[in-house]
Amino acid sequence: MPYIDDSDSKPVGSYPNSGIDVLIVGTGLAGLTASIECIRKGHNVRVLERYGDINTAGDMYFMGLSATKFFKHWPEMAKEFKEISMSNAWIETFKHNGSRMIPPLKVADRLRDAGLDPDTPPGRFQMRPLVYKMYVRQVERLGVQIQFGKRVVDYFEDKMSGKAGVVTDQGERFEADVVIAADGVGSKSQKLVGGQVRAMKSGRAMWRAAFPIHHLDKNPEVKEFFKMQKNPANGEEEPIIRTWLGPGTYAMTLTRSDTMIWIMNHDVTGSEKESWSNTIESDEVLANMDKGVGPLPWAPMFKELIKLTPSNTIVNFELFWRNPQPKWASPAARVVNIGDAAHSFLPASGNGATQAIEDAISLASCLQIGGKENIPEAVRAHVRIRFIRNACAQKLGFSNAELLQDTDWSKVKLDPRRAQPKLPSWVWGHDPEKYAYEVYDQVVESMRRGVPFDEDDSIPPNYPPGYKYEPWSIEQIMEDMRNGKPVELGSGNWD
Ligand SMILES: Cc1cc2nc3c(=O)[nH]c(=O)nc-3n(C[C@H](O)[C@H](O)[C@H](O)COP(=O)(O)OP(=O)(O)OC[C@H]3O[C@@H](n4cnc5c(N)ncnc54)[C@H](O)[C@@H]3O)c2cc1C
Ligand SMILES: *[C@@H]1O[C@H](CO)[C@@H](O)[C@H](O)[C@H]1NC(C)=O
């Protein structure tokens, strides 16, 4: 198999046409990445989206380095990604009641302190609207065929003819050689694929808001407190992330020249939903934010910030837990789930966007390697390549969320790294494209020999080295948490 070097950029046109017709459902990060990567790998692509356009709403998420390495093939995106990355950002850490615990430091310096190279950080916080606009421009440059207003209600496949397809709520049918279901949590493909798992209420939710920063003008004290960070070296005003950690809660703010963002994790109040359009008003937040955070109330300054948040802006997003499940493909492997449709992550895990993009890159590559004659095999190889890694990333997300949610300041004082989530090299150092080319033949060989996916130790791992997969459940993790035990990650080196 051709080995892809990091410096080896293969732009559109590098791969011959594969003759594979791919139908993608959904224009989230998973679907959009799949669309451009499938085109680059020579497949014929059509995309369906239920809404009238690509939804560029949202606030911020973490994009791991493993999900951005493929920008080397997309020079315009690489350039834009660099421009929207806050590589000059600062970070400052507070106790939730307002005491400053760690003074503002350059993110780059914190990385250096942790022994990492600031030029290739494990990932970056990105504004979702900017990332989406970057994708929209790429998709338009490439002329990707996206049909909007197509709400998919059912998926089907036919083993004999080797086709799969979807039906929309208008009764329209679309067919292709392979269908990529990138339609997010609760994918309509679950009936066919069979991977549906029960969503469990976590009892937790997040308030999240992003709005133009001029709203802070109404209160000069708030404006002053949440101002950008002046860099003493060059006098520039630079973006700053402020983290707020307390017992049973954590929050984050981001100040940019144009935008103010705040996010706060909290106990459910009754109005939360697993929906990015479920908004509430600030008085509801103010009435509930001091519940479940121990004896000290929230910093008054944070409350003032919430008061300034414009109406119709605060999303109350309910956090659900779902156990990992390995069924991502239909019986004849002509329909395959990627992104949130295959596995959901807690927003605090820092991995939802990353794993969705990785999935898309891996699948486009596997289809290219396998070719039109071997689509089901390529789909199954892809799932096998991705599942254990994903389950590990999900588990790590729990451990990180636990760390954030219950900050023990006596320990953080000794080791400030305790106040930041774990971002191990097996997560961020991975290159999903390179990996697919490296292991594809071996994975297919193992499948032909009938080796179960969790007993195959002939493949170099893309998960913690030395880890042996064991099914795990959230119930079991929660039981441990209730008994005060740290999340048991499992065998292998998770650092
Ligand atoms: C509007 C919005 C805002 C978000 N904001 C944030 C945020 O601020 N922070 C954060 O961490 N995460 C956010 N997320 C979630 C995050 O984008 C995803 O968890 C992650 O990127 C994985 O993406 P995905 O492509 O698998 O799923 P999603 O991003 O959920 O994309 C799924 C896509 O499929 C479409 N779709 C769904 N059902 C159908 C159907 N039946 N027929 C046709 N199309 C369908 C949806 O309209 C959507 O475009 C947001 C998601 C959305 C949709
Ligand atoms: C926050 O609480 C601590 C006690 O844990 C107290 O010493 C400190 O003064 C408080 N900070 C503010 C800003 O009120």
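User: Does asparagine 312 count as buried or exposed?
Analyst: This is a predicted model, in which local features need pLDDT of at least 70, side-chain atom pairs count only at pLDDT 80 or more, and totals for chains, interfaces and linings use all residues. Residues are numbered from 1 along each chain as its sequence is written, chains are lettered from A and ligands numbered from 1 in the order in which they are written, and side-chain values use heavy atoms, with hydrogens and water left out. Buried means under 20% relative accessible area, exposed over 50% and partly exposed in between, with a 1.4 Å probe and protein chains only. Because its relative accessibility is 57%, asparagine 312 counts as exposed.

User: What is the phi of asparagine 312?
Analyst: Asparagine 312 sits in the loop between helix 8 (300-307) and strand 19 (314-321), where helices (H or I, at least four residues) and strands (E, at least two) are DSSP runs numbered from the N terminus. Although asparagine 312 is not a glycine, its phi is positive, at about 70°.

User: Which loop holds alanine 333?
Analyst: Alanine 333 is another residue other than glycine with a positive phi, near 55°. At 0% relative accessibility, alanine 333 counts as buried. Its place is the loop between strand 19 and strand 20 (335-337).

User: Which backbone oxygen does the side chain of asparagine 288 reach?
Analyst: Asparagine 288 belongs to helix 7 (residues 282-288) and counts as buried at 15% relative accessibility. Leaving aside residues up to four places away in sequence, asparagine 288 touches Trp207 and Thr269, contact meaning heavy atoms within 4.5 Å. At 2.7 Å, its side chain reaches the backbone oxygen of glutamate 284.

User: What percentage of ligand 2 does the protein bury?
Analyst: The residues around ligand 2 (a heavy atom within 4 Å) are Lys95, Asn97, Gly98, Ser99 and Leu296. Oxygen atoms of ligand 2 lie 3.2 Å from a side-chain N or O atom of lysine 95 and 2.3 Å from a polar side-chain atom of asparagine 97, while a nitrogen atom of ligand 2 lies 2.7 Å from a polar side-chain atom of serine 99. Taken alone, ligand 2 exposes 360 Å² (Shrake-Rupley method, 1.4 Å probe), of which the protein buries 40%.

User: How far apart do the C-alpha centres of domain 1 and domain 2 lie?
Analyst: The domain assignment, which is automatic or from a database, gives domain 1 (21-77 + 129-199 + 322-482) and domain 2 (201-321). Their contact takes 21 residues from domain 1 and 23 residues from domain 2. Between the C-alpha centres of domain 1 and domain 2, the distance is 29 Å.

Key
A polar contact is a pair of N or O atoms within 3.5 Å; within protein, one must be able to donate a hydrogen and the other to accept it, and residues adjacent in sequence count only if both atoms are side-chain atoms.
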